[in-house]
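Here is a short walk through one protein structure.

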Amino acid sequence: MTQIRCKIKDYIQPFERILAVQELAIIADAEPIKNPNNSEFTVVTNTRISSLAERLAYWETVTSKSSSFTTVQSLREATVNVVRNGIDLDFLKSSLPFTDQIPLPNRRCLRYGTHGIHEYRGKFFPQLVRSLVNISGTQTGGIVADPMSGSGTTIVEANLLGCTGLGIDMNPLSVFIGNTKCELLCADPKKLKSEYLNVRDSVLESEDRSQSQFIYLSTLPPEDQDYLKNWFGHEVLLGLDEIAQIIETVRYKPAKNLMWVALSNILRSVSWQKDDDLRVRKEVRLDVEVDPKKEFLEELARSIRAILAFLYQNGSKKQIEHTIKNGDARECAGLWEKQKGKVDVVVTSPPYATALPYLDTDRLSLSYLGLLPRPKHRYRDHLMIGNREVTEKLRSDYLHRLKENSIELPNSVHKLVRKIENLNRDTGVGFRRRNLPALLAKYFFDMRDVLSGVFTVLKPGGKAFFVVGNNHTIAGGQRVDICTADLITDIAAMLNFKINDSISMEMLISRDIFKNNTSASERILEYQKPVYK
């Protein structure tokens with residue numbers, strides 16, 4: 001048995017401190033004892049000190065009498081400090097891996113490695129995912145799944161822990177970003193750097209040429225061409241076309257995909273999309289000079305440095321299995337047929353009930369990258385869980401299903417839907433509020449299907465963590481809280497999950513352009529599939 005002192009990160013939030021102590025207790029298989037004089041905890045354990053350093057998410061250093069380690073997580077986060085202000089690429093390589101001086105972060109760091117290569121409206125933090133996988137007891141070689149994988153945070157962290165990662169998302173852009181992030185974890189830094197320099201030079205050289213025809217754009221379906229011409233200035237679209245043609249010449253797939261992701265990430269800023277608006281609303285700005293090549297090169301330079309720094313620090317690693325599919329979370333049991341009863345842990349953050357127009361925010365990228373033809377956007381958007389749009393017929397169908405199949409959902413859901421329906425009756429409310437009871441019914445039917453699928457794929461004793469946001473509405477002039485976390489937990493109980501303690505999260509100031517549209521209350525819900533004797 002070895003006594004090990006573990007220093008917790010000073011700047012983490014209260015809920016993260018709870019997770020930190022839990023993950024340490026599970027990995028060390030010992031009860032952490034708090035040192036009252038500092039931010040250290042002590043464990044007496046048979047677990048190797050190197051294993052603690054490799055896995056812990058919320059800890060800075062681990063120290064025994066004979067050795068001391070900075071945690072791998074802290075080292076990865078520290079690479080972000082190295083690449084600030086556009087460090088020279090050759091100097092970057094010579095600076096890593098760290099030896100003596102480590103510029104440890106003194107504040108939250110979410111953009112290390114591949115996590116920061118594209119803005120995303122989600123609120124899933126890499127350290128949160130890592131800690132939950134640790135708390136689940138999942139070992140290296142285990143299976144970690146996320147049926148609503150978004151930009152791939154869970155799958156990336158699963159791979160970094162040496163686990164197989166399984167993801168599903170209905171948004172093709174999310175799937176593309178997630179797969180790109182995972183591929184880059186084991187990319188060849190020499191090839192990445194070489195391809196980056198070639199593309200950078202080609203884009204800079206194109207400044208001396210003038211292109212008058214759309215070459216890349218002409219390869220897209222006619223409906224997408226027309227749509228994009230309506231959302232970008234002519235010269236901007238020509239500039240994007242030149243960039244796209246250059247990207248098409250890249251041979252090394254991880255580099256090529258990274259460049260498409262970088263291009264996707266600037267589309268909103270160089271378009272006529274209204275700033276800070278979740279909906280694609282137009283605001284023609286003829287008085288603003290937009291340079292897509294400059295924007296692209298700045299975005300790509302930032303991304304390539306962050307990834308190279310991560311790769312230089314992390315060293316050469318074998319690619320861990322990951323699969324992120326374009327599919328429906330409600331059908332996860334069928335999509336993961338081969339993994340039924342084998343998944344160790346599910347970590348996911350489902351959409352809020354009617355809170356965000358998820359697919360709508362990515363229309364420009366979906367069209368420009370050729371990921372989803374424009375005519376299919378509306379149909380796909382209607383399929384999304386948490387979608388806010390509904391036809392009159394579907395509204396009637398959802399409410400009819402709720403009334404005719406009362407045992408499918410718990411009484412708490414029925415009470416909420418009836419309350420909003422009654423408060424809005426005969427009040428002349430707009431169509432969005434009139435539709436809300438039906439949309440809530442659909443949302444909770446959808447979440448029931450997701451939970452049922454998760455129950456099927458989990459191994460006996462396997463855990464599922466759902467990070468869920470609550471929200472509210474106004475009905476009949478009254479505020480009505482939509483306690484999504486409690487309602488989903490009621491559904492999980494109906495499906496025979498064991499309900500473990502949940503943890504309340506203090507919402508943090510968002511780092512992205514969607515910060516004004518986030519929920520103020522989230523909980524980490526923990527469910528467990530029973531072990532049947």
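Two strands pair if DSSP finds at least two bridges between them, where strands (E, at least two residues) and helices (H or I, at least four) are DSSP runs numbered from the N terminus. The model is predicted, so local features need pLDDT of at least 70 and side-chain atom pairs count only at pLDDT 80 or more, while totals for chains, interfaces and linings use all residues. Residues are numbered from 1 along each chain as its sequence is written, and side-chain values use heavy atoms, with hydrogens and water left out.

Strand E4 covers residues 59–63. Strand E5 (residues 68–70) pairs with E4 in the antiparallel sense over 3 bridges, and Val-62 has Phe-69 in E5 as its bridge partner. A hairpin through 4 residues joins E4 to E5. E4 also runs antiparallel to strand E1 (residues 2–8), to which 4 bridges join it; here Ile-8 has Trp-59 in E4 as its bridge partner. Because 5 of the 5 residues of E4 are buried, the strand is largely enclosed by the rest of the structure. Buried means under 20% relative accessible area with a 1.4 Å probe, protein chains only.

A search of the whole structure finds 1 cavity of 30 Å³ or more. A cavity is a set of points on a 1 Å grid over the protein atoms alone where a 1.4 Å probe fits but cannot get out, and lining residues have an atom within 4 Å of a point. The largest cavity holds about 60 Å³ of space, a volume being the space filled by probe spheres set on the points. Among its lining residues are Lys-9, Tyr-58 and Gln-127.

Technical notes:
On a 1 Å grid over the protein atoms alone, a cavity is a set of points where a 1.4 Å probe fits but cannot get out, and a pocket is an open set with protein on both sides within 12 Å along at least five of seven lines; lining residues have an atom within 4 Å of a point. Buried means under 20% relative accessible area, exposed over 50%, partly exposed in between (1.4 Å probe, protein chains only).
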